[in-house]
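Biologist: I would like to learn how to read the way two chains sit together. Please take me through it.

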Number of protein chains: 2
Amino acid sequence: MRADAVANRRRVLVAAQEVFAEQGAEASTEEVARRAGVGTGTVFRHFPTKRDLLEHALVAHLDDLAEAARATASGEDPVEALRTLVADMAGRAPTKLAMAEPLLADDGLGEASHAAAERVRVVVAEVLERAQETGRVRRDVGVDEIHFLVRGIAQAQAFLPVAPEVRRRAVEVLLDGLRCAPRS
Amino acid sequence: MRADAVANRRRVLVAAQEVFAEQGAEASTEEVARRAGVGTGTVFRHFPTKRDLLEHALVAHLDDLAEAARATASGEDPVEALRTLVADMAGRAPTKLAMAEPLLADDGLGEASHAAAERVRVVVAEVLERAQETGRVRRDVGVDEIHFLVRGIAQAQAFLPVAPEVRRRAVEVLLDGLRCAPRS
DNA sequence: GAGGATGCGGAGTGAGCACTCCGCTTCGGC
DNA sequence: GCCGAAGCGGAGTGCTCACTCCGCATCCTC
């Protein structure tokens, strides 16, 4: 692969993440090309379909998230780390969903996306488990429930911009729910 | 207004709710017309833009919800009513959001939608207040937080179909969070 | 039941999009 | 520096969709 081709490919990927985060997945490929400073032909040569472009942008995004999660996981008190992780994921999820949504709606995520999502999942699972071992987090929830709730929080802010205190209190309810021992 | 025009208008509205619930707001106007058994011209005469059609379908949907909520509110134990309401709203929210999302993305909801949403809000507020008076529901949350969380739950299931137990446990966490007294 | 107003259907229009194609430019091995 | 291969740009293509237009059918009044 020629050096300029490699560079262009990377520039397109970066531009795609930016554009999709800002405008959602319905942003045109032309806009991505413009932002990357290349022609549309170049974008389509590297990523033959829009689906392909979305998928690669999503993988890049998930890898960023996993790395940040790994940094959070090491060091802190596990319960505090879980809290930080939930907040971080809730913050990033709108961007993630913008890219994942059309993929899910059309034949589901591809292999690469699944692998990247799994890498995130592993880190979250580890933090959750350690948090549960402290006895301060209920044991009847797993990573799936966490992801579900975080995705919910994220989605809920995506459309109706919501007052910060409302969002904060809502997250608080969620975290309290996690901390409580389950009731009858 | 001629009698057949009135009937057609109603049929279009009903068809629109069905189609948008099934296929999302990106469903074509032609599909709505087909389902209603009319031509596209007729749809556009009654609702000059797609936005108009979405908005009227949304109002009809919200009015249904408000009526159901009123039925739930009367009679039951308030805490139980709140629980039922949350579950019901979580169930209906995907349909609601499918219609509301493009409106929000483009200039926000119109006056009619706001009024309909307010009618729902009033009922929920009343149930929440009565539930709080029993002392079994924390007092630092309001209708906004409830709507926010419910919308989240709804959205989260809309894309990734989620295992029923996961969803159930997640809702449980939310409801437990509501029930707990706030912790430090 | 006649006549005018009202409403209807669906072909047509233009805009926007994903994706293709090919003449030209740039790269890199020699 | 030369030259073939690799890569590039962006006009072109075909499709879908919201929305328009107008000749024709249907309704309602008198």
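Biologist: What rotation and shift superpose chain B on chain A?
Modeller: Two copies of a chain are related by a rotation about an axis and a shift along it. In this predicted model, chain B is superposed on chain A by a rotation of 179° with 0.0 Å of shift along the axis, at an RMSD of 0.1 Å. The same surface serves both copies, as 100% of the contact residues of chain B recur in chain A.

Biologist: How many residues of chain B are in contact with chain A?
Modeller: 29 residues of chain B are in contact with 29 residues of chain A, where contact puts C-beta atoms, placed from the backbone, within 7 Å. On chain B, helices H5 (78-105), H7 (143-159) and H8 each supply at least two residues of the side that touches chain A.

Biologist: How is a pair of packed helices read?
Modeller: Two packed helices are described by the angle between their axes and the distance between the axes. Here the axes of H8 (residues 164-179) of chain A and H8 (residues 164-179) of chain B come within 7 Å and cross at roughly 100°. That makes H8(A) roughly perpendicular to H8(B), a label for angles of 65 to 115 degrees.

Biologist: Which residues of H8(A) meet H8(B)?
Modeller: A:Val173, A:Leu174, A:Asp176, A:Gly177 and A:Leu178 meet B:Val173, B:Leu174, B:Asp176, B:Gly177 and B:Leu178.

Biologist: How are residues numbered and chains lettered?
Modeller: Residues are numbered from 1 along each chain as its sequence is written, and chains are lettered from A in the order in which they are written. For this predicted model, local features need pLDDT of at least 70 and side-chain atom pairs count only at pLDDT 80 or more, while totals for chains, interfaces and linings use all residues.

Notes
Axes are lines fitted to C-alpha atoms, for helices over the stretch in contact, and angles run from 0 to 180 degrees between N-to-C directions. Helices (H or I, at least four residues) and strands (E, at least two) are DSSP runs, numbered from the N terminus. Angles under 35 degrees count as roughly parallel, over 145 as roughly antiparallel, 65 to 115 as roughly perpendicular and the rest as oblique. Two residues are in contact if their C-beta atoms, placed from the backbone, lie within 7 Å. Copies are superposed by least squares on the C-alpha atoms of residues with pLDDT of at least 70 in both.
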